Amino acid sequence: MLFQSEKIYLRKMTGEDVDVYHTWRNDVEVMRTTSPSMDVYTWDDTSGFVNQVILQASSSKSYMIVDSHTNRPIGITSLIQIDLKNRNAECIIDIGEKEFWGKGYAREALKLLLDYAFLEMNLHRVSLRVFSFNEKAIKLYDKLGFKQEGISRQFLFREGKWHDLVHMGILQQEYIS
């Protein structure tokens, strides 16, 4: 267990998480707001991705978001492209279990991840990318202190329209104060 709050705890992702991650990765509603690709993956595809990309990457750390009351995994959060020399990383979050959407679990998980990034790893900056139509996520990131840093215009074609990719970041001193 990495960090915990009253509602959730984060634990390192393992190979045993392939089944639940595979379910989320193939759920169109879950991936709609986070994945540029709406591909359907075989179990072998997901297993290979988890074991070779997520678990073996030296520049990333991935954690399962687990409900404290039931010990049920409800999502995943990661620090990727960790650059220790420049003290930067990008963060990612997916709440895969839809009944946990809109109930503050993503906020709790990101707060725990940012505590770890800034207070334990001593990172200077954490960034993220979000599709412009994901207004709930943008509001959450604003509340946590992320600042909009740029836009990749018409980055994603989804549901018959072009959407921007919003780049956001937060600095250690902004988060701590």
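**Notebook: strands, helices and a few backbone angles**

Strands here, like helices, are DSSP runs numbered from the N terminus (helices H or I, at least four residues; strands E, at least two). The model is predicted, so I kept to its limits: local features need pLDDT of at least 70, side-chain atom pairs count only at pLDDT 80 or more, and totals for chains, interfaces and linings use all residues. Residues are numbered from 1 along each chain as its sequence is written, and side-chain values use heavy atoms, with hydrogens and water left out.

**Entry 1: the sheet**

I looked up the strand order next. I noted an open sheet of 7 strands in the order E1-E2-E3-E4-E5-E7-E6, with mixed pairing. Strand E1 (8–12) and E6 are the edge strands, each pairing on one side only. On average, and with direction ignored, neighbouring strands of this sheet are turned by 25° against each other. For pairing I used the DSSP criterion (at least two bridges between two strands).

I then went through the pairs on the E1 side. E1 and E2 are antiparallel and pair over 5 bridges. E2 and E3 also run antiparallel, joined by 6 bridges. Within that pair I located two partners: serine 62 has serine 78 in E3 as its bridge partner, and valine 66 stands opposite proline 73 in E3. The two strands form a hairpin with 5 residues between them, and asparagine 71 in the turn has a positive phi of about 60°.

I checked how enclosed E2 is. Of its 7 residues, 6 are buried, so E2 is largely enclosed by the rest of the structure. I took buried as under 20% relative accessible area, exposed as over 50% and partly exposed as in between (1.4 Å probe, protein chains only).

At the other end of the order I looked at E7. Strand E5 (residues 125–131) runs antiparallel to strand E7 (residues 161–171), with 7 bridges joining them. Leucine 128 is placed opposite methionine 168 in E7. Strand E6 (residues 147–158) pairs with E7 over 8 bridges, also in the antiparallel sense. Phenylalanine 157 faces tryptophan 162 in E7 as its opposite residue. The hairpin of E6 and E7 has 2 residues between the strands, and glutamate 159 there takes a positive phi near 55°.

**Entry 2: H1 and what it packs on**

Which residues of helix H1 (residues 18–25) are buried? I listed Val18, Tyr21, His22, Trp24 and Arg25. Viewed down the axis of H1, these buried residues fall within an arc of 165° and so line one face of the helix; the arc is that of the directions from the helix axis to the C-beta atoms. They pack against helix H2 (28–31), helix H3 (43–54), strand E2 (61–67) and strand E3 (73–83). Contact here means heavy atoms within 4.5 Å.

I then took H3 from its own side. Its buried residues are Thr46, Ser47, Gly48, Val50 and Ile54, and they pack against H1 and E2.

**Entry 3: the H1 and H3 crossing**

Two packed helices are described by the angle between their axes and the distance between the axes. For H1 and H3 I read an angle of about 115° and axes 9 Å apart. Axes are lines fitted to C-alpha atoms, for helices over the stretch in contact, and angles run from 0 to 180 degrees between N-to-C directions. H1 and H3 are therefore roughly perpendicular to each other, on a scale where angles under 35 degrees are roughly parallel, over 145 roughly antiparallel, 65 to 115 roughly perpendicular and the rest oblique. Among the residues meeting across this pair are Tyr21 and His22 in H1 and Phe49 and Val50 in H3.

Glutamine 81 has one of about 50° and lies in strand E3. Glutamine 81 is exposed, at a relative accessible area of 54%. Asparagine 122 has a positive phi of about 60° and sits in the loop between helix H4 (105–120) and E5. Asparagine 122 is partly exposed, at 40% relative accessible area.

Last, I looked up lysine 143, found in helix H5 (residues 135–144). Lysine 143 is exposed, with a relative accessible area of 68%. Lysine 143 and arginine 107 are 36 residues apart in sequence and 9.1 Å apart in space, C-alpha to C-alpha.
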